[in-house]
Number of protein chains: 2
Amino acid sequence: MKVIRKVKEMQQLALDLKKENKSIGFVPTMGYLHEGHRKLLNAARKENDILVTSIFVNPLQFGPNEDYERYPRDEEHDEQVAQEENADVVFIPSVDEMYPVPMSLSLTMQNRVNVLCGQSREGHFDGVVTVLAKLFHIILPDRAYFGLKDAQQFAVVDALVEDFNFPVKLRGIPTVREESGLAKSSRNVYLSEEEHRQAINIYKALKKGQDLIKNGVRQKDRIVKEVSQFIKSHTHGKIDYVDLLTYPKLEHTDTVDQRVILATAVYFKKARLIDNLIFEENGELSFTE
Amino acid sequence: MKVIRKVKEMQQLALDLKKENKSIGFVPTMGYLHEGHRKLLNAARKENDILVTSIFVNPLQFGPNEDYERYPRDEEHDEQVAQEENADVVFIPSVDEMYPVPMSLSLTMQNRVNVLCGQSREGHFDGVVTVLAKLFHIILPDRAYFGLKDAQQFAVVDALVEDFNFPVKLRGIPTVREESGLAKSSRNVYLSEEEHRQAINIYKALKKGQDLIKNGVRQKDRIVKEVSQFIKSHTHGKIDYVDLLTYPKLEHTDTVDQRVILATAVYFKKARLIDNLIFEENGELSFTE
């Protein structure tokens with residue numbers, strides 16, 4: 001496994017691989033790799049000749065009051081995980097490598113961002129698309145892999161690729177869950193035992209919403225209301241939002257008549273948990289293993 | 001020679017060519033091809049396996065009061081020119097092909113634009129970089145060719161490629177001139193005979209500026225003043241601007257201590273003419289045949 005730290009070296013390798021007609025699968029990460037990342041690496045490993053993963057904590061996607069400095073980093077551990085998942089290349093550029101001079105252009109999201117988690121993270125997704133546009137040009141992937149736990153991020157990257165005709169196929173990988181159904185997250189360690197027991201009901205609430213749709217309910221308001229009530233009556237968490245939007249456009253809709261996302265964020269004492277399900281108008285999951 | 005009108009078809013062809021290890025040279029145009037375009041096509045033909053040119057009048061780079069509707073179009077003539085210059089592919093997408101839905105992202109220039117011609121064309125260069133980012137992903141060129149008559153455009157495209165790490169080499173091709181030195185332009189036909197005789201002095205004025213630098217003059221103010229005076233005393237044209245800026249950053253500088261551009265725009269009765277020279281701090285031209 002190669003560890004590459006220089007943009008030019010990575011891009012030259014990618015260009016050389018293209019000339020050899022090799023397909024490149026790409027898993028962009030901010031490091032501190034966990035089981036969710038392993039699943040992405042695994043999916044990418046299966047359908048590409050070459051597997052490249054990047055580890056870069058992108059300052060552009062952190063707000064001034066967010067935790068860029070405190071964001072956890074463990075390069076040694078990450079390299080080991082990448083090795084275990086049979087990556088061919090780990091790309092670990094410095095901030096100076098990625099942003100050697102102040103940028104002359106800015107890339108900004110005009111929609112898909114003022115809903116769900118985007119409401120409280122102004123500019124976050126602009127930083128995400130900017131670094132991904134750069135990484136796509138440096139790594140030249142045929143396919144790029146993203147976890148659907150961050151469904152809004154996946155929707156934003158979908159817009160990037162569609163708007164600018166990137167020759168990259170996007171793969172959305174379903175959320176990894178505990179047996180209980182609770183979405184895996186590094187933040188779950190901040191839950192007390194009692195909170196953990198309660199948090200299981202977030203997934204149950206979303207499933208309940210899905211069941212309503214499967215049973216023919218079409219009104220957004222009713223679905224959102226029942227999901228919210230379920231969370232309220234089964235947890236002491238404070239709901240940030242429960243919403244149902246079209247996917248991937250993330251537009252408001254009164255009725256379920258196309259692919260939609262049912263998503264929620266819930267505050268517990270020391271952790272804010274997010275989860276979502278994306279399904280077709282008949283209630284069948286849109287992304288499966 | 002292939003004429004392609006669909007984005008997907010063009011991109012698939014480009015991907016296939018990459019797999020065959022063919023280099024692609026790209027000349028983006030808005031059609032109505034003239035001698036300047038021929039020179040770009042010729043340069044691209046020489047150093048690439050495959051020559052692709054695009055013809056697309058990009059609505060995004062026209063302001064509301066500009067001449068998008070009136071912009072001259074002659075597809076038959078353009079195809080003939082492309083054929084004569086041995087192009088392999090002419091890509092002629094419709095506006096709907098290039099912009100099938102309203103874009104979710106916007107790409108905007110933060111610098112290099114509030115000087116020279118950019119002062120009077122707000123948003124113009126945002127439209128230029130947006131369509132070029134798309135075309136670069138659709139055509140996947142190894143090298144892209146631009147005329148240095150539009151030196152600000154070349155500077156802007158340079159920023160696009162640098163900021164976002166596009167794997168594309170840019171080639172700036174020197175301005176085509178009449179024997180008199182007057183820069184060739186489709187707008188020259190709007191000049192009266194007398195104006196044409198006068199307009200020759202625009203190039204002479206720029207050469208005079210270059211000579212000053214060659215002779216060791218370093219103060220921007222003096223150079224700009226002498227060039228302006230030369231134009232004023234040798235033409236009845238009205239000067240829009242004469243400026244000397246660093247190149248390609250287009251930043252203000254008091255002294256010539258690096259690569260600079262000396263540029264001017266002059267209004268005649270029915271035509272606004274632009275011209276420029278780019279040279280090193282010793283006065284030697286930076287871009288030559």
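The following conversation discusses a predicted model.

Trainee: To start, how many helices and strands does chain A have?

Mentor: The secondary structure of chain A consists of eight helices and ten strands.

Trainee: And how does the radius of gyration of chain A agree with that of a compact globule?

Mentor: A compact globule with 289 residues would have a radius of gyration near 19 Å, and chain A has 19 Å, which agrees. The C-alpha atoms occupy a box of roughly 55 × 40 × 35 Å along the principal axes.

Trainee: What share of the residues in chain A is buried?

Mentor: Buried residues make up 55% of the 289 residues in chain A. As for the accessible surface of chain A, the total is about 13600 Å², and 45% of this belongs to carbon and sulfur atoms.

Trainee: Which residues does UniProt list for "binding site"?

Mentor: The unreviewed UniProt entry lists Q61(A) and Q153(A) under that term.

Trainee: Where is Q61(A) found, then?

Mentor: Q61(A) lies in the loop between β3 (50–55) and α3 (75–84) of chain A.

Trainee: Is Q61(A) buried or exposed?

Mentor: Q61(A) counts as buried, because its relative accessibility is 8% and the cut-off for buried is under 20%. The side chain of Q61(A) is also joined to that of N58(A) by a polar contact of 2.9 Å. Beyond the neighbours within four places in sequence, Q61(A) is in contact with several residues, including M30(A), R121(A), H124(A) and V128(A).

Trainee: What about Q153(A): where is that one found?

Mentor: Q153(A) is part of helix α6 of chain A, which covers residues 151–164. With a relative accessible area of 18%, Q153(A) is buried. Leaving aside its neighbours within four places in sequence, Q153(A) is in contact with F125(A), V128(A) and F146(A).

Trainee: Changing topic, what rotation superposes chain A on chain B?

Mentor: A rotation of 180 degrees, with 0.0 Å of shift along its axis, superposes chain A on chain B with an RMSD of 0.0 Å. The two copies are therefore related as by a two-fold rotation axis.

Trainee: Which residue of chain A comes closest to the rotation axis?

Mentor: That residue is L107(A), whose C-alpha atom is 2.3 Å from the axis.

Trainee: Through what surface do the copies meet?

Mentor: They meet through the same surface, because 100% of the interface residues of chain A are also interface residues in chain B.

Key: Residues numbered from 1 in each chain as written. Chains lettered and ligands numbered in written order. Predicted model: local features only at pLDDT ≥ 70, side-chain atom pairs only at ≥ 80, totals over all residues. Heavy atoms only, no water. UniProt positions renumbered as here; feature names shortened; annotations may be inferred. Helix = DSSP H or I, 4+ residues; strand = E, 2+ residues; numbered from the N terminus. Buried < 20%, exposed > 50% of the residue type's maximum accessible area, 1.4 Å probe, protein only. Contact = heavy atoms within 4.5 Å. Polar contact = N/O pair within 3.5 Å; in protein donor to acceptor, adjacent residues only side chain to side chain. Least-squares fit on C-alpha atoms with pLDDT ≥ 70 in both. Rg over C-alpha atoms; globule rule 2.2 N^0.38 Å. Areas by Shrake-Rupley, 256 points an atom, 1.4 Å probe, with all protein chains shown as cover.
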